[in-house]
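Here is a short report for a reader meeting this structure for the first time. Keep the sequence and the 3D view at hand.

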Amino acid sequence: MKFTELGLAPEILRSVADQGYETPTPIQAQAIPVVLSGRDLMACAQTGTGKTAGFTLPILNRLAGAPRVAGPRKIRVLILTPTRELAAQVEESVRTYGAHLPFKSLVIFGGVSMNPQISALRSGVDILVATPGRLLDHAQQRNVDLSGVETLVLDEADRMLDMGFIHDIKRVIALVPKKRQTLLFSATFSDEIKTLAATFLTDPGYVESEKRNTASELVKQYVYRVDRERKKDLLIDLIKDKGWYQVLVFTRTKWGANGLADKLLKAGIEADAIHGNKSQNARTRALANFKSGKLHVLVATDIAARGIDINELPHVVNFELPNVAEDYVHRIGRTGRAGVEGAAVSLVCVDELKLLHDIERLLKKQIDVIDYPEYAPDPSIRAEPILMRSAGARSGGGRSGSGRPGGGRSGSPSRSGSGKPPAGGSHRSGTRHH
Ligand code: AMP
């Protein structure tokens, strides 16, 4: 299949060529014809599958084919995303793919001043990308008119539900016309997502890209066994010895992310951390520096890294394994994307052997262990329960679970790492202000 066979306008094919894309990804090949036909769509696709172009290209095509009615510009396409980072990225994609078309796009999200957004909205927008909370703030203040929306996209709908946005989504849907095209993208199809689709989609086409929980074959996965106290030194050595220049490192806690970034900096490695306690500006700046190559290492928590898309990211490091095995697949999905090979490296201490086992069970394969004799684990060190300090302050059952006192006993590796959510809430629930 070639892009030229999809019936896209020449201006769009030009942008696709500008990007160097040769063939549509599977999700694009399936989704583009459905969207072009005007039908609703339910798509099961994770980040990294090319889903953004999968909806953006045909949407632009439909806009280009049906010029707007005379009068002031009205928002014709509304794309809702769970996080600010994803919103910014999607809007960047809209700009990229729409570079040869006359449409105006805008991204709005919380955590920054409303005034520039208000002026931008007033000046007229065709395609609006937004996080639900900030969009509703604008709607309440009558800064935004959604009565002309022809296409509504719910991107990463499962994340939006996990983050407690269901009521916000319903409120937004009440503001857009009933007669519209609705596209729902989700990495998973839980019962909740099915209910959402049954409520808001009409006779949708269904497309699915990659099976859930299958790690991309383009990602080489390795484990280094190391003692918990020596992980930082090992990471520094790996980065320096191997000359890694763009590494996304995952820690389990915000506190851990900060500590690690500091230690790397002290070792002369350009590093920064992103997590929910950082201001939006600091996060945007860190991400931009990382993308441009100014920063060699970005340390992130799972939530902060959600949806981050970095072209050709060569290395992902699990400084700590995630508590939930599925998060491992999400994490390593940051590398090895759309045809570029990447490596995912996990530093695993004795506390995490159970987590590693859970991950391997999910992947249905063993991850290769690399021997690094200098860092060979000390067999006398016993497993301890995993501490979740910075998450422990949060009530309501955040994804990281509650804090546990240290001082574990031998023979009980990572009891907090059963892969189950902490009591009192789903591991996917969490605050929206992450
Ligand atoms: P997404 O899943 O939308 O986050 O896209 C993942 C990455 O794949 C992005 O960096 C895109 O630029 C890239 N991409 C999207 N479509 C294609 C394609 N047809 N060929 C090569 N790369 C692509």
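Asn318 has its bridge partner in strand E13: Ser346. The two strands involved are E12, residues 315–318, and E13, residues 342–348. They pair in the parallel sense, over 4 bridges. The model shown here is a predicted one.

**Confidence**

The chain averages a pLDDT of 84. A score of at least 70 is reached by 83% of the residues. Over residues 389–434, however, the pLDDT is below 50. Beyond near neighbours in sequence, that stretch has 92 contacts in the model. Where pLDDT is low, the predicted coordinates should not be read in detail.

**The sheet with E12 and E13**

Strands E12 and E13 belong to an open sheet of 7 strands. Its order is E10-E11-E9-E12-E13-E8-E14, and the pairing is parallel. Which strands stand at the edges? They are E10 (271–274) and E14 (368–370). Each has a single partner strand, so one side of each is left without a neighbour in the sheet. Neighbouring strands here are turned by 25 degrees against each other on average, direction ignored.

Helix H11, residues 254–266, lies across part of this sheet. The strands it covers are E9 (247–250), E10 and E11 (297–300). H11 runs at about 170 degrees to E10.

**The sheet with E2 and E4**

Another open sheet of 7 strands has the order E3-E4-E2-E5-E6-E1-E7. Its pairing is parallel. Strands E3 (105–108) and E7 (205–208) are at the edges. Each of these has a single partner strand, so one side of each lacks a neighbour in the sheet. From one strand to the next, the twist averages 15 degrees.

Inside this sheet, E2 (residues 77–80) pairs with E4 (residues 127–130). The sense is parallel and there are 4 bridges. Leu78 has Leu128 of E4 as its bridge partner.

Two helices lie across strands of this sheet. Helix H3 (residues 51–65) lies across E2, E4, E5 (151–154) and E6 (181–186). H3 runs at about 170 degrees to E6. Helix H4 lies across E2, E3 and E4. H4 runs at about 175 degrees to E3.

**Helix packing**

Two packed helices are described by the angle between their axes and the distance between the axes.

| Helix pair | Angle | Axis distance |
|---|---|---|
| H3 and H4 | about 45 degrees | 10 Å |
| H4 (residues 84–97) and H12 (residues 280–292) | about 50 degrees | 11 Å |
| H14 (residues 325–332) and H15 (residues 353–363) | about 70 degrees | 8 Å |

Start with H3 and H4. At about 45 degrees, the two helices are therefore oblique to each other. H3 passes H4 in a right-handed crossing. H3 brings Thr52, Ala53, Phe55, Thr56, Leu57 and Leu60 to the contact. H4 brings Val90, Ser93, Val94 and Tyr97. By class, this contact has 7 nonpolar and 3 polar residues, with no charged ones.

H4 also packs with H12, at an angle of about 50 degrees. That makes H4 oblique to H12. The crossing is right-handed. On the H4 side, the contact is made by Arg84, Glu85 and Gln89. On the H12 side are Gln280, Arg283, Leu287 and Lys291. How many residues of this contact are nonpolar, polar and charged? The contact of H4 with H12 has 1 nonpolar, 2 polar and 4 charged residues.

The remaining pair in the table is H14 and H15. Their angle is about 70 degrees, and they are therefore roughly perpendicular to each other. From H14, the contact takes in Ala325, Glu326, Tyr328 and Val329. From H15 come Asp358, Ile359, Leu362 and Leu363. These residues divide into 6 nonpolar and 2 charged, with no polar ones.

Definitions and conventions: Residues numbered from 1 in each chain as written. Predicted model: local features only at pLDDT ≥ 70, side-chain atom pairs only at ≥ 80, totals over all residues. Heavy atoms only, no water. Axes fitted to C-alpha atoms, helices over the stretch in contact; angles between N-to-C directions. Parallel < 35°, antiparallel > 145°, perpendicular 65-115°, else oblique. Left-handed = near helix turned anticlockwise from the far one by under 90°. Contact = heavy atoms within 4.5 Å. Nonpolar A, V, L, I, M, F, W, Y, C, P; charged D, E, K, R; others polar. pLDDT = per-residue confidence, 0-100. Pairing = 2+ DSSP bridges.
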